[in-house]
Amino acid sequence: MIGTGYVGLVAGACFAETGNTVICVDVNAEKVEGLQRGVVPIYEPGLEETIRRNATAGRIRFTTDTKEAVQASHVIFIAVGTPQGEDGSADLTHVISAARQIGEAMNGSKIVVDKSTVPVGTAQLVSDAIRAVTSHPVSVVSNPEFLKEGNALEDFLKPDRVVIGADDSEARQVMEDLYAPFMRTGKPILCMDARSAEMTKYAANAFLATKISFMNEIANLCEAVGADVGRVREGMGTDVRIGAHFLFPGPGYGGSCFPKDVKALSKTASDAGATLRILEAVQAVNDHQKRVILQKVDQELGNDLTGRTIAIWGLAFKPKTDDMREAPSLTVIRGLLERGARVVAHDPEAMKEARRVFGENIHLVESPYEACTGADALVILTEWNTYQRPNFETIHRLLKAPVIFDGRNIYNPERMKQAGFVYHSIGRRVVRP
Ligand code: NAD
């Protein structure tokens with residue numbers, strides 16, 4: 001497994017769990033040293049225990065030595081990052097460099113699997129990069145990953161489907177055998193050509209991002225016309241053609257995947273002489289949505305927040321992860337700081353990451369209530385379970401003014417009114433005591 005990020009670690013741990021011997025490689029020596037001591041660098045429920053258990057059983061180990069790992073393996077996964085390049089395309093530097101390293105280390109026939117999210121045609125590029133430096137036979141397979149951070153192990157162990165893009169039937173059989181233990185729930189392994197597999201991943205993520213932006217626009221319209229998006233969502237989601245998932249409005253999508261994948265697919269389209277007009281709108285809506293909470297703050301408190309303190313609950317881009325990449329909290333906090341506010345924030349898992357991102361520019365506190373103490377308003381940006389049923393009397397007492405901006409619609413507006421709060425949410429009317 002080349003790359004020990006969210007995907008590489010989870011995939012490595014799960015393949016070890018089903019009895020395979022897994023060697024995880026990373027160029028980051030500090031990360032590898034930590035992993036060798038049992039320190040998992042990311043927060044993902046169940047991951048640390050699974051890695052420890054399999055390390056103790058001798059089924060998973062960690063190294064910086066790509067050559068040794070490649071030579072000892074039959075199947076080599078590339079699970080390195082594919083960040084957004086300057087022109088919006090996926091930056092394949094890490095993928096191609098991993099491919100070259102694999103090629104240079106090869107000591108016999110290997111199957112190389114692209115697990116990273118990569119544009120159409122990358123399997124061919126990986127194959128070319130390997131073949132340029134070795135004469136050993138290689139089959140390159142595309143096997144995009146659909147796990148969700150926060151539920152990654154569960155998703156990997158019980159996937160909705162596994163997509164395998166392989167032109168070589170022997171490689172396809174090896175992949176089917178490898179995944180067989182995870183398919184006992186009857187979900188399908190979908191075999192196709194590599195280009196279609198590569199496209200499937202982007203199309204799936206772009207569709208999910210579209211659902212979010214669509215609901216965010218409907219939510220903003222609900223506010224303008226006095227409808228309640230919560231009711232509208234239920235009314236829509238019960239239609240089986242629509243489905244109930246991914247219909248929650250909020251402060252915009254973030255994370256390490258949707259923003260970059262939507263951009264990369266748009267770039268693939270423009271390179272092919274096509275325009276994906278829907279995706280341009282999806283991105284524009286999302287950029288706007290990340291600022292909706294700031295607009296509400298401006299309306300309620302004015303846009304000069306000098307001398308004011310704002311409490312933030314939730315920094316990660318979604319619950320059960322410490323990942324803050326492209327999180328709405330980044331836009332909101334930067335906007336609050338620009339307006340002169342002092343920001344005091346809490347998150348159950350992402351505080352270390354927030355310290356790295358914001359340094360001393362924001363104050364991080366150990367408890368949600370501590371964040372509220374003396375603040376002029378509370379802003380909720382991640383729907384962590386621990387924020388779902390707080391003691392509203394305590395919050396009311398601690399805040400300087402009882403004002404809440406809820407970017408995730410986790411409270412009932414009527415109850416908030418009764419509890420004496422000015423309560424702003426997304427796609428629902430503002431309530432005042
Ligand atoms: P990440 O940034 O968390 O981890 C990537 C790791 O690869 C880093 O530890 C880095 O040091 C290492 N690396 C880079 N070049 C290397 C090399 N040549 N040899 C060894 N290690 C190297 O990334 P991630 O979130 O795990 O994502 C990996 C890929 O999977 C991306 O393409 C992403 O789009 C895709 N993906 C991510 C998720 C997710 O939820 N994070 C879900 C599905 C797919």
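A salt bridge here is a side-chain nitrogen of Lys or Arg within 4 Å of a carboxyl oxygen of Asp or Glu. Keep that in mind for the views below, which all come from a predicted model.

**View 1. The chain splits into three parts: domain 1, domain 2 and domain 3.** Domain 1 runs over 6-192, domain 2 over 201-287 and domain 3 over 290-424. If you take the C-alpha atoms of domain 1 and domain 2 and find the two centres, they sit 29 Å apart.

**View 2. Here is where domain 1 meets domain 2.** Domain 1 brings 15 residues to the contact, and domain 2 brings 10 residues. Together the two domains bury about 1,000 Å², with 60% of that on carbon and sulfur atoms.

**View 3. Zoom in on Lys267 and Asp87, whose side chains form a salt bridge.** The N to O distance is 3.5 Å, so the pair falls inside the 4 Å limit. The count of salt bridges between domain 1 and domain 2 is one. Across this interface there are also three residue pairs in polar contact, with both residues at pLDDT 80 or more. On the side of domain 1 that touches domain 2, you'll find six nonpolar, five polar and four charged residues.

**View 4. Now for a hole inside: the structure holds one cavity of 30 Å³ or more.** The volume of the largest cavity is about 40 Å³. Its lining is made by Asp114, Ser116, Thr117, Val118, Ser142, Pro144, Glu198 and Lys201. Sort those lining residues by class and you get two nonpolar, three polar and three charged.

Definitions and conventions: Residues are numbered from 1 along each chain as its sequence is written. This is a predicted model: local features need pLDDT of at least 70, side-chain atom pairs count only at pLDDT 80 or more; totals for chains, interfaces and linings use all residues. Side-chain values use heavy atoms; hydrogens and water are left out. Domain bounds come from an automatic or database domain assignment. Contact means heavy atoms within 4.5 Å. Buried area is the accessible area (1.4 Å probe) that two parts lose on being put together, summed over both. A polar contact is a pair of N or O atoms within 3.5 Å; within protein, one must be able to donate a hydrogen and the other to accept it, and residues adjacent in sequence count only if both atoms are side-chain atoms. Ala, Val, Leu, Ile, Met, Phe, Trp, Tyr, Cys and Pro count as nonpolar, Asp, Glu, Lys and Arg as charged, and the others, Gly among them, as polar. On a 1 Å grid over the protein atoms alone, a cavity is a set of points where a 1.4 Å probe fits but cannot get out, and a pocket is an open set with protein on both sides within 12 Å along at least five of seven lines; lining residues have an atom within 4 Å of a point. Grid points are joined across faces, edges and corners, and a volume is the space filled by probe spheres set on the points.
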